[in-house]
Each structure stands twice: as C-alpha cells, then as structure tokens.
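Me: I am new to this structure. Could you take me through it, one question at a time?

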Amino acid sequence: MRIIRGKYGRRRFDVPSNISARPTTDFARENIFNVIENIADIEGTDTLDLFAGTGAVTFEFLSRGCRTATAVEKASTQQRFIQKVAKELGADNLSLVRGDALRYISAAPKAFDIVFADPPYDMDGFAEIPGAILSSRLVREGTLVIVEHNKSHDFSALPGFMEHRAYGSVNFSIFKV
C-alpha cells in the first residue's frame with residue numbers, strides 16, 4: 001500500500017497476504033483524491049472511511065491534513081494492519097472503530113465533512129448503502145460523500161448526486177449534501 005501525497009506521501013507499507021479486503025487501486029485513489037481536492041479542502045476536515053479495509057483512504061486523508069479521521073472496519077486482520085500503520089506514522093488523530101459499518105451508519109454518532117464508503121461489491125444490500133448514508137446523521141449540509149462501486153450500479157437518482165467517475169473498473173459516485 002502506498003500513500004500518494006501529503007505529509008506521509010510516498011510511504012509504502014506491505015499489506016499482509018491474509019487481508020481479505022479489495023483495496024482501491026493507487027490509480028483510482030490518486031484520481032478520486034484529485035477530484036475531492038477540487039471540490040473541497042481536505043485540510044482541517046473531519047473524515048470518515050466506512051469499510052476501511054487496509055486504511056489506504058484513511059491514511060490519504062490524514063496525509064493531506066484532515067483534522068480527524070475515523071475508520072470503521074469489522075475484520076480484525078485489517079484492524080491490526082490499520083493500527084500498525086497508524087503507529088508507524090504517529091497518526092494520533094485517527095479513531096479506529098472496530099465494528100460493522102452498516103451499524104455505524106444507522107447509529108451515526110456525529111456528522112462528518114467528508115464520508116468515503118467502499119463496501120464489498122458483492123455485499124447483500126449494497127445498492128441501499130448510499131441512500132442509508134445520505135439519510136443518516138453522518139451527513140449535514142455541505143458534507144461530501146463518495147461511494148466506490150462497480151459499473152453495475154447507478155446512483156444518479158439519489159439526492160445530492162454530483163457526478164460519476166470511472167477509473168478502469170473502479171467507479172465512484174460523488175454527492176454533496
């Protein structure tokens with residue numbers, strides 16, 4: 001895993017082979033972060049990474065100066081990797097939530113400036129996740145929501161839809177509440 005830009009830019013971490021997550025490719029992550037930075041200033045924001053996996057998106061937010069980053073991940077292998085990388089980076093503004101992202105969405109303890117969600121593409125109920133996020137207490141006026149998905153999903157009818165981006169087989173729907 002490579003952190004692309006910012007204060008941790010160009011740092012590389014070996015992802016354990018037993019991690020089951022499908023990390024967002026470097027190419028797709030670099031491009032979507034260019035889009036995000038053209039829409040919003042990441043510096044000083046509170047960010048949320050749902051279905052964090054390896055934490056690559058979380059660490060990209062941290063590297064680019066967010067105030068706080070919350071990562072929600074259920075799998076203990078991925079949690080341990082995120083903790084290890086955070087410790088190596090000295091990222092004390094990372095909050096790792098060990099639990100189910102769907103429960104986190106429904107419990108929504110607070111609103112964030114930027115919400116990124118990368119659920120497993122084959123997850124039951126995948127198509128309902130963007131709507132659940134957009135109608136939750138995770139968002140407030142001005143929140144930017146990015147959902148990663150495959151090409152078989154079209155979320156353009158949901159409220160706040162701004163645009164769709166595709167980088168190879170990786171697709172993103174972007175919303176502004």
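Reply: The model is a predicted one.

Me: Which residues does helix α1 span, and what length is expected at 1.5 Å a residue?
Reply: Helix α1 runs over residues 26–39, which makes 14 residues. From first C-alpha to last, α1 reaches 20 Å. That is close to the expected length at 1.5 Å a residue, 20 Å.

Me: Within what arc do the buried residues of α1 fall, seen down the axis?
Reply: Ala28, Arg29, Ile32, Phe33, Val35 and Ile36 are the buried residues of α1. They line one face of the helix, because seen down the axis of α1 they fall within an arc of 160°.

Me: Which residues are exposed on the other side of α1?
Reply: The buried face of α1 is covered by elements including α2, β4, β5, β6 and β7. The other side of α1 has exposed residues. They are Phe27 and Asn38.

Me: How many residues of α2 are buried?
Reply: Buried residues in α2 include Ala56, Phe59, Glu60 and Ser63. Elements that cover the buried residues of α2 include α1, β1, β2, α3, β3 and β4. The helix is largely enclosed by the rest of the structure, because the buried count is eight of the eight residues.

Me: What do the buried residues of α3 pack against?
Reply: Helix α3 has 14 residues and reaches 20 Å from its first C-alpha to its last. Its buried residues are Thr77, Gln78, Gln79, Phe81, Ile82, Val85, Ala86 and Leu89. They pack against α2, β2 and β3.

Me: Which residue follows α3, and what is its phi near?
Reply: Gly90 follows α3. Its phi is positive, near 70°.

Me: Is Thr47 buried or exposed?
Reply: Thr47 lies in strand β1. Its contacts beyond four places in sequence include Phe61, Cys66, Thr68 and Ile114. Buried means under 20% relative accessible area. At 1% relative accessibility, Thr47 counts as buried.

Me: How far apart in space are Thr68 and Ala91, C-alpha to C-alpha?
Reply: Thr68 lies in strand β2 and is partly exposed, with a relative accessible area of 24%. Leaving aside neighbours within four places in sequence, Thr68 is in contact with Thr45, Asp46, Thr47, Asn93 and Lys110. Ala91 is 23 residues from Thr68 in sequence. In space, C-alpha to C-alpha, the two are apart by 9.6 Å.

Me: Which residues does Arg11 touch, not counting those up to four places away in sequence?
Reply: Arg11 lies in the segment before α1. At 35% relative accessibility, Arg11 counts as partly exposed. Arg11 and Gly131 are 35 Å apart in space, C-alpha to C-alpha. The residues Arg11 touches are Met1, Arg2, Ile3, Glu88 and Leu89.

Me: Which residues are closest to the centre of the largest pocket?
Reply: About 400 Å³ of space lies in the largest pocket. The pocket is lined by 23 residues. The closest to its centre are Phe51, Gly53, Glu73, Asp118 and Pro120.

Definitions and conventions. Residues are numbered from 1 along each chain as its sequence is written. This is a predicted model: local features need pLDDT of at least 70, side-chain atom pairs count only at pLDDT 80 or more; totals for chains, interfaces and linings use all residues. Side-chain values use heavy atoms; hydrogens and water are left out. On a 1 Å grid over the protein atoms alone, a cavity is a set of points where a 1.4 Å probe fits but cannot get out, and a pocket is an open set with protein on both sides within 12 Å along at least five of seven lines; lining residues have an atom within 4 Å of a point. Grid points are joined across faces, edges and corners, and a volume is the space filled by probe spheres set on the points. Helices (H or I, at least four residues) and strands (E, at least two) are DSSP runs, numbered from the N terminus. The expected span of a helix is 1.5 Å times one less than its number of residues. Buried means under 20% relative accessible area, exposed over 50%, partly exposed in between (1.4 Å probe, protein chains only). The arc is that of the directions from the helix axis to the C-beta atoms. Contact means heavy atoms within 4.5 Å.
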